[in-house]
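Work through these exercises with the structure open. Try each task before you read its solution.

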Amino acid sequence: MANYDYDLGIIGGGAAGLTAAAGAAQFGAKTLLIEKSDRLGGDCLHFGCVPSKTLIRTAGVWALAKRSAEFGLPALALHPVDLGVVMDRVKAVIDTIQRHDSPERFCGLGAEIRFGNPVFADDHVVEVDGKRISAKNWIVATGSSPVTPALEGLAQVPFWTNETVFSQRTLPSRLIVLGGGPIGLEISQAFARLGSKVVIVEFMDQILGPEDVDMAEILKVRLEAEGVKILTRTKAVKVESRGSTILLTMASVAKDGPSTIIEGDALFLSTGRKPNIGDLALDKASVIFTPRGIPTDAKMRTNISHIYACGDVNGQLPFTHVAGYEAGIALTNAVLHLPRKADYSKIGWCTYTDPEVASIGYNEKRARKEGLEYRSIEESFADNDRALAEREPLGKIKILLGSKDKLLGCQIIGAHAGELIHEWIIAQNGGVKLSTMAGAVHVYPTLSEISKRIAGRVFADKLFSDRTKGILKFLFNLKGRACTLPDG
C-alpha cells in the first residue's frame, strides 16, 4: 500500500474546503488544506455573502428611516451617506468572522493550513512553492470568480465586480449595473437606497431569469418604486470613459434595434461566474474539466475516483450552503467510505433583495420544462396580520402540487422569505405532510402563519365543500347559513 503524506488534501480555503478540513480532522484523518491567498474564508467571507448582507442591512436601515412617516413618526431630515464609513462597518464584520476562520482554530481541530499556490504533479501529488505533497484523496474546492464580458472598450474603463465593490469609499451619483441576477440586484438596491441613481442592464426578458415571471415582476415593481431603472432585453454594445464619466452604448436584443447611450460614474459587472481552475494543472492529474467547471458524480468524485470537487468549482449550484453540503458528501465518501450521494432537489436558496425571494424544488418554469402536471396555490402577504402590522404587505407564497397533491416546490417573495422558506425545506427533506403543516399550531401573529394558511388551503375546498355540508346536515341536522349578504 502506498504511503502518502496525508489522508486528505484540500485545495481552497472557502466554505467547502473549511467544512471538509474541520470534519476530516475531527474524524482523525491527517488533513492538509492549501489556500493560495493570504487568508481563509474564500469568496463568501471576503467578497460575497458576508459583505453583501452587511451592506444590504445598512442600506435597509437607511431606507426604513426614510419611511418613518409611514409608521406615524415624524419625517426625518437625513444627511448624505458616507460610503467609506459604511464600508468600514462591512470590514469590521468580516474581521470578526475571520477570527473564526483562522489557521490556529483549524490547527486546534487537527488540520494543517498552508498558504501557497498548489499545482498538481500527478493524481496524488501537488507541488506548493517547490515542495511536493502527497495525499491519498484530494478535494478541489477553489471556488469561482466573476466573468468579465467581451465588451468593446471594457479594458480601458474602470469597473467594479463583487471582488472590488466593498473596498469603494465614494458613493457614485450614478451607477450602471450589467446583469439582473441575484448579485446585480442586491448591489443595485443597496446603492440606490444609499443615494445612487442606478440603471440595470439585463439581456434576458426579465430579472432573476430562473425564477417565475410573477415573482420577478413583484421585485421589479419594488425596485422601480425605489428609483432603480431596469432595462430588460437590452445588450451592452460598447463602453468608454470621458473624464470621470462612463458612457455605455446599449441596443435592444431585437434585430436592428436602435442604440442608446447612458452615462454613469461607476460600472458594476454582474454577468456570471467562472470556475477557478486555470492554474491547477488538472491535466497532470488526468482530471476532466470544462469551462463550466469540474464535472462530478453524485458522490462528488471527478473522473479520478480519489479526487473530489466541491463548491462553485464543480458548476452545480453556486451557493455557500451547497458548498458546505457537497463537502460533507465528499468527506463521507473519502474518509468514512460510506456511499452518500448529493440530492439537489431538496436544496433551497434565496436572493436577499427587499423583498427577499426564496425557493425550493420546482417552480412553474422548471415544472413546465420537465413536462410535469401541477396546480399552484398562492397566499398573499397582504392577508397576513403581522405583515400588515410591520407595513410589509408586498409579496406572496406559492406552492406547486403534483399528483395526489404531492408537494413539488415552494416559492416565497416577501419580508424574511429566506427565513420562511426553511419550514418548506424541512417539509421536503423530512417528508412532512401538508396536513401536518396545516394542523400545526403556529404562533400568532407571525409571518410564518402564511405557511400554515397555504397548507390549509390545499384541503379547504374538500373540507368545506357542498358535499361535506350535505353529509353533516344529514347526520346532525345542521340548519345551514345564518346570514346572507344582499346582492351587490
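**Exercise 1.** Find how many aromatic pairs the whole structure holds, then describe the pair of W160 and F191.

*Solution.* A search of this predicted model finds three aromatic pairs. Take W160 and F191: their centres are 5.7 Å apart and their planes 45 degrees apart. Planes under 30 degrees apart would be stacked, and over 60 edge-to-face. The W160–F191 pair is therefore tilted. W160 lies in the loop between strand 7 and strand 8, and F191 in helix 6, so the pair ties together parts 31 residues apart in sequence. Last, check burial. W160 is buried at 10% relative accessibility. F191 is buried at 0%.

**Exercise 2.** Classify the pair of F319 and W349, and say where each partner lies.

*Solution.* The centres of F319 and W349 are 6.1 Å apart, with 5 degrees between the planes. This pair is stacked. F319 is in the loop between strand 16 and helix 8, while W349 is in strand 17. They are 30 residues apart. F319 is partly exposed, at 22% relative accessible area. W349 is buried, at 16%.

**Exercise 3.** Which side chain makes a polar contact with that of E211, and which side chain of opposite charge is nearest?

*Solution.* Start with position: E211 sits in the loop between strand 9 and helix 7. For charge, the nearest opposite side chain is R366, 4.9 Å away. A salt bridge needs a distance within 4 Å. E211 is buried and has no salt bridge. Its contacts beyond four places in sequence include Q206, V357 and N363.

Conventions. Residues are numbered from 1 along each chain as its sequence is written. This is a predicted model: local features need pLDDT of at least 70, side-chain atom pairs count only at pLDDT 80 or more; totals for chains, interfaces and linings use all residues. Side-chain values use heavy atoms; hydrogens and water are left out. Helices (H or I, at least four residues) and strands (E, at least two) are DSSP runs, numbered from the N terminus. Buried means under 20% relative accessible area, exposed over 50%, partly exposed in between (1.4 Å probe, protein chains only). Lys and Arg count as positive and Asp and Glu as negative; His and the chain ends are not counted. Contact means heavy atoms within 4.5 Å. Rings of Phe, Tyr and Trp (its six-membered ring) pair if their centres lie within 6.5 Å; planes under 30 degrees apart count as stacked, over 60 as edge-to-face and the rest as tilted.
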